[in-house]
Amino acid sequence: MKIGNIAFIVGLIIAVVGGVVDISWFPLLLVVIGLIVGLLNVTGSETRSFLIACIAFLMATTAIAPLEDALNSFSSMGTVVSMIMYNIGYMVGAATLIVAIKALFEMAKD
């Protein structure tokens, strides 16, 4: 297994734990893990698919955010799900930034 793959899995686990337990430094840790994933895990042939998937995920997280109050009226699960999505968003956002910069450099070389 590659270091980037392990970092991604660890990031997902931390994101889920961070949705249940409020630890102030988890977002920073997830950003660092996202940077590692973006640097080590996404190859040239995966760039386009990765960026499209990240954009879709980040848009879905943004679109679902207003529903948090409605979900909380049924149970506290709305907050947990929202926090998990936000936490994954920290990691994915950082990875997206790195992959997008790498893609821009590749396009500029031609």
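Colleague: Which helix gives the most to the nonpolar patch?
Modeller: This is a predicted model. A nonpolar surface patch of about 570 Å² is built from Ile3, Leu28, Val32, Ile36, Leu39 and Leu40. Five residues of the patch come from a helix spanning residues 26-40, and this top contributor is helix α2.

Colleague: Is Leu28 buried or exposed?
Modeller: Leu28 sits in helix α2 and is one of the residues of the nonpolar patch. The cut-off for exposed is over 50% relative accessible area. Leu28 has a relative accessibility of 59%, so the residue counts as exposed.

Colleague: Which residue forms a salt bridge with Lys109?
Modeller: The structure holds one salt bridge. In the bridge of Lys109, the closest N and O atoms are 3.2 Å apart, and a salt bridge requires such atoms within 4 Å. The partner of Lys109 is Glu106.

Colleague: Why are Lys109 and Glu106 separated by about one helical turn?
Modeller: Both residues belong to helix α5, which covers residues 77-109. The separation is about one helical turn because Lys109 and Glu106 are three residues apart in helix α5.

Colleague: The search finds one aromatic pair. What is the arrangement of the rings of Trp25 and Phe26?
Modeller: A pair of aromatic rings is described by the distance of the centres and the angle of the planes. For Trp25 and Phe26, the ring centres are 5.0 Å apart and the planes meet at 85°. An angle over 60 degrees decides the class, so the pair of Trp25 and Phe26 is edge-to-face.

Colleague: Is Phe26 buried or exposed?
Modeller: The cut-off for buried is under 20% relative accessible area. Phe26 has a relative accessible area of 9%, so Phe26 is buried.

Colleague: Which residues does Val92 touch, not counting residues up to four places away in sequence?
Modeller: Val92 lies in helix α5, and with a relative accessible area of 10% it is buried. Leaving out residues up to four places away in sequence, the contacts of Val92 are Cys54, Phe57 and Leu58.

Colleague: How many Å apart in space are Val92 and Val37?
Modeller: In sequence, Val92 and Val37 are 55 residues apart. In space, taken from C-alpha to C-alpha, the distance between Val92 and Val37 is 8.7 Å.

Conventions:
Residues numbered from 1 in each chain as written. Predicted model: local features only at pLDDT ≥ 70, side-chain atom pairs only at ≥ 80, totals over all residues. Heavy atoms only, no water. Patch = residues over 30% accessible without salt bridge, like charges linked within 9 Å, V, L, I, M, F, W, Y side chains within 5 Å. Areas by Shrake-Rupley, 256 points an atom, 1.4 Å probe, with all protein chains shown as cover. Salt bridge = Lys/Arg side-chain N within 4 Å of Asp/Glu carboxyl O. Helix = DSSP H or I, 4+ residues; strand = E, 2+ residues; numbered from the N terminus. Buried < 20%, exposed > 50% of the residue type's maximum accessible area, 1.4 Å probe, protein only. Phe/Tyr/Trp six-rings, centres within 6.5 Å; stacked < 30°, edge-to-face > 60°. Contact = heavy atoms within 4.5 Å.
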